[in-house]
Amino acid sequence: MSDIPYKFYLDQKDVPTAWYNVRADMKKKPAPLLDPATLKPVTADQLERVFCKELVRQELDEDNAWFDIPGPVQDFYRMFRPSPLIRAYFLEKALGTPAHIYYKFEGNNTSGSHKLNSAIAQAYYAKAEGLKGVTTETGAGQWGTALSMACAFFGLDCRVFMVKCSYEQKPFRREVMRTYGASVTPSPSMDTEVGRRINAEHPGTTGSLGCAISEAVEAAVTSEGYRYVLGSVLAQVLLHQSIIGLETQTAFRKLGVKPDVIIGCAGGGSNLGGLISPFVGEKLRGEADYRFIAVEPASCPSLTRGRYAYDFCDTGKVCPLQKMYTLGCDFIPSASHAGGLRYHGMSATLSELYDQGVIEATSVKQTDVFEAAQFFARVEGILPAPESSHAIRAAIDEAKRCTREGKSENIVFGLTGTGYFDMYAYQAFNDGKMGDYIPTDDELAASFAKLPRIG
């Protein structure tokens, strides 16, 4: 091994005290959210009917590069931050690669993932506004778990609509949410008007994040003292998650290492955006150059096969329109897809960066993802979340490229969390019963045909 430690921790004093807003350094900004009734940009007043006021301010601000992290949120971060940057010496040895592989591990907290970085911030702002509680959706369950923990800390009620197939496949994550006091409803449900409509239009549906978002928004706007919070996609979430990239940036500087390739799994964009934002800022300002790779599931490939267009953020079409790479708000991934990252669209910020060619994207098959996850677990000793394993797959492929080319590039990826609540999926893979669902061109064409006609 070299003189670089296997596991590198920053000091507590190195934990950031401000979040970074990458949009401030983007010359061409993401397109604005539109009111579906008027097709005009939504106003702060409109958004405040759904979201907390301070979160609306963060969502709409494209000029300020830095937002101070409130004291109570900093105090909470000290329970699990800084998170370690790990040199994957054992993975390098197993691959026989000249590449140097690092990963930023976000699983060292009770919720088991990076989602807590934004959950505690959003719960704080809800509490500061004097709200009774919040509503949300969750797919694989990491966000719902993190938010239930954050709400318990601040004494807020938490109502979670969980994608039905995940509700059934991941009962233990559901029970963690309930242990922290959250109510958990399989979505689409019969508890909301939009849920009943989706069930009528798609009998027997296993649900999607788009469905669950619609139900959570309806529950928020029809309940006094509640607001809706979201765990990915939105600019405010990427802002909070920038703490991942800021710590990673500081760690590399202290180690005297410059990463060449930065890789993150991509569903809605929270992990990827959080990891790469500070480095993207450097690239946009002309200070350094990096390759950024977004890795998405072949079963839900919004960047690699989607359309860059305005679309509804939810299946029930109750949310504003957002310009993003999308598969269509009616797109519902197969229930056989167990790897998370099930959202039909991509963050507007990341979509714009991808459209400009600042970041690149690739899609990977589910069985290849779990093959990489199993290999990683055996050599590095951490059982990775399926979502994180998309990034592992790409990191391994990049390391093999370095072997072929004889290059010793520095590769870093985001290990978003642990996979201990994902054993149903691991069991399917180990039993040889896992398949690879990939939507056909005809299926996607039918979904694209329903996109709103704007511009």
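1. Overall composition. In this predicted model, the secondary structure of the protein chain comes to 18 helices and 15 strands. The radius of gyration of the protein chain is 20 Å, close to the 23 Å that the globule rule gives for 455 residues, so the chain is as compact as a globular protein of that length. Along its principal axes, the C-alpha trace spans about 60 × 50 × 45 Å.

2. Of the 455 residues in the protein chain, 63% are buried. Among the contacts with a separation of 6 or more, 76% are between residues 24 or more positions apart.

3. Seven strands form an open sheet whose order is 1-4-5-15-10-11-14 and whose pairing is mixed. Its edge strands are strand 1 (7-8) and strand 14 (360-364), each of which pairs on one side only.

4. Strand 5 and its two partners. On one side, strand 4 (residues 85-87) and strand 5 (residues 100-105) run antiparallel and are joined by three bridges, with isoleucine 86 having tyrosine 103 as its bridge partner in strand 5. Strand 5 is also joined to strand 15 (residues 410-415), in this case by six bridges and in parallel. Strand 5 is mostly covered, since five of its six residues count as buried under the 20% cut-off on relative accessible area.

5. Strand 10 (residues 261-265) is mostly covered, with five of its five residues buried. Both of its faces are covered: Val261, Ile263 and Cys265 are buried on one side, and Ile262 and Gly264 are buried on the other. Five bridges link strand 10 to strand 11 (residues 291-297) in a parallel arrangement, and within it isoleucine 263 stands opposite isoleucine 293 of strand 11. Strand 11 in turn runs parallel to strand 14, to which it is joined by five bridges, and the bridge partner of valine 295 in strand 14 is threonine 362.

6. Helix 12 (residues 270-284) lies across strand 10, strand 11 and strand 15, and it runs at about 150° to strand 10.

7. Strand 6 (residues 133-138) and strand 7 (residues 157-163) run parallel and are joined by six bridges, valine 134 having cysteine 158 as its bridge partner in strand 7.

8. Valine 176. This residue lies in helix 8 (residues 171-179). Is valine 176 buried or exposed? With a relative accessibility of 17%, valine 176 counts as buried, because the cut-off for burial is under 20%. Leaving aside residues up to four places away in sequence, valine 176 touches Thr145, Ser148 and Phe421. The C-alpha atom of valine 176 is separated by 9.2 Å from that of glycine 144, although these two residues are 32 residues apart along the chain.

9. Helix 16. This helix (residues 386-405) has 20 residues and reaches 29 Å from its first C-alpha to its last, close to the 28 Å expected at 1.5 Å a residue. Helix 16 is mostly covered, 15 of its 20 residues being buried. Following helix 16 is glycine 406, whose phi is positive, near 70°.

Terms used
Residues numbered from 1 in each chain as written. Predicted model: local features only at pLDDT ≥ 70, side-chain atom pairs only at ≥ 80, totals over all residues. Heavy atoms only, no water. Helix = DSSP H or I, 4+ residues; strand = E, 2+ residues; numbered from the N terminus. Buried < 20%, exposed > 50% of the residue type's maximum accessible area, 1.4 Å probe, protein only. Contact = heavy atoms within 4.5 Å. Pairing = 2+ DSSP bridges. Rg over C-alpha atoms; globule rule 2.2 N^0.38 Å. Expected span 1.5 Å × (residues − 1). Axes fitted to C-alpha atoms, helices over the stretch in contact; angles between N-to-C directions.
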